[in-house]
Amino acid sequence: MKIKNINPVELELDDSNVKSSILPRKVTIEMEDNVVGEIGVSWEDLNKKELKETGETVVYGEVQITDYPNPLIEQRADPYIYKHVDGYYYFTASYPLYDRIILRRSKSIQGLIDAEEVEIWHKHEKGIMSEHIWAPEIHFIDNQWYIHFAAGERDDVWAIRPYVIECTGKNPLDGEWVEKGQVNTSFQSFSLDATTFKHQGERYLVWAQKVKEDTISNLYISKMENPWTLKGEQVLLATPEYDWEQQGFYVNEGPAFVNKNGRVYISYSASATDDRYCMGLLYADENSDLLDPRSWTKSSKPVMESNHYEFGPGHNSFTIDEFGGDVLVYHARPYKEIEGNPLYDHNRHARVQQLLWKKDGFPYFSSPGMRLENTTLKAKAILKVKKDRVVN
């Protein structure tokens, strides 16, 4: 997409004795169709002398367009990237053999490509958690690491249930992981893709679970007592009601949470896991009761679907780049035709691209593989000293 405009930054200062660090690390860019985004910027040196003498100065900067490799990591479906306070990006995803949980970490998103991949947990030889280790997510909750994932069992490989493991070590790649057990959903059936988030002091879990003899996959939401235990009511959040959610299978799964512009959003994936796989969106006012189904609205159309280059985009997560801009993480295949069960075609690759926003506050997912074009436009910051301040 082409950048049409870079919104100038205006700062009013209390004192002219300032440093370049007061300048923002990102600026707002505008594109066609009322789409905006946030992008990192490298500012030129601040003219402190001009600011001192005149009380005003202008600083220009180069916007930092990150050209992420596409794909980022091959054969890693259901990708999840979490940026921690230690400055590292932590990456996990479904491993092609569906027999282990892996982690990578790097100081940059691009660095995850060549980062060492560590197996931190392996499936059981029998019983629960012995087959189909799927869709791990890593979270840092109350100063401890947790991974939510789904797993079946050897005697019934489709008895998929949600499980949690915990690590109290500082570095989750070399710390000891302890099994906390199965999440206590209120009924037992095929269940996967659990994600957790904290909102206004409460922790929630959203997950996919099948009903009607395992033929329909719905999304449910509940509050949590701790990272592996649900409390209170468990509410039906969404069911596949539109035609594009019912292609091959009736599916709502792979939820991911983001909170911005006064709303909470949950993206999710729909339909069979071939080229018909696509992404939908739920949203609610950030101050509403998230356990009240009436708080939520579902988009009537998919927000991301296959194009001529990437097929079956879905099972996304959200992260931020090094400047704090929003990034969409998802998987897709480089081809349409698949032989056999698409779950065992392992060329769903992990991909990333900038997440944009519309001026009405809603996320704009664009098309898979979207890239920002390089621009000659400059970022601009106007700095002024407050008129009631005396410049020394």
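Q: How many aromatic pairs does the count come to?
A: The model is predicted, so local features need pLDDT of at least 70 and side-chain atom pairs count only at pLDDT 80 or more, while totals for chains, interfaces and linings use all residues. Residues are numbered from 1 along each chain as its sequence is written, and side-chain values use heavy atoms, with hydrogens and water left out. Rings of Phe, Tyr and Trp (its six-membered ring) pair if their centres lie within 6.5 Å; planes under 30 degrees apart are stacked, over 60 edge-to-face, and the rest tilted. By this rule the number of aromatic pairs is 20.

Q: Phe149 and Tyr163 form a pair; how many residues apart in sequence are the parts that it ties together?
A: The pair is tilted, with 6.1 Å centre to centre and 35 degrees between the planes. Strands here are DSSP runs of E with at least two residues, numbered from the N terminus. Phe149 lies in strand S11 (residues 144–153) and Tyr163 in strand S12 (residues 156–167), so the separation of the parts tied together is 14 residues.

Q: Is Tyr163 buried or exposed?
A: Buried means under 20% relative accessible area, exposed over 50%, partly exposed in between (1.4 Å probe, protein chains only). Tyr163 has a relative accessible area of 3%, so Tyr163 is buried.

Q: Which strands hold Phe197 and Phe257?
A: These two residues form a stacked pair, 3.7 Å centre to centre with 5 degrees between the planes. They are 60 residues apart, and the strands are S14 (residues 191–199) for Phe197 and, for Phe257, S18 (residues 250–260).

Conventions:
Helices (H or I, at least four residues) and strands (E, at least two) are DSSP runs, numbered from the N terminus.
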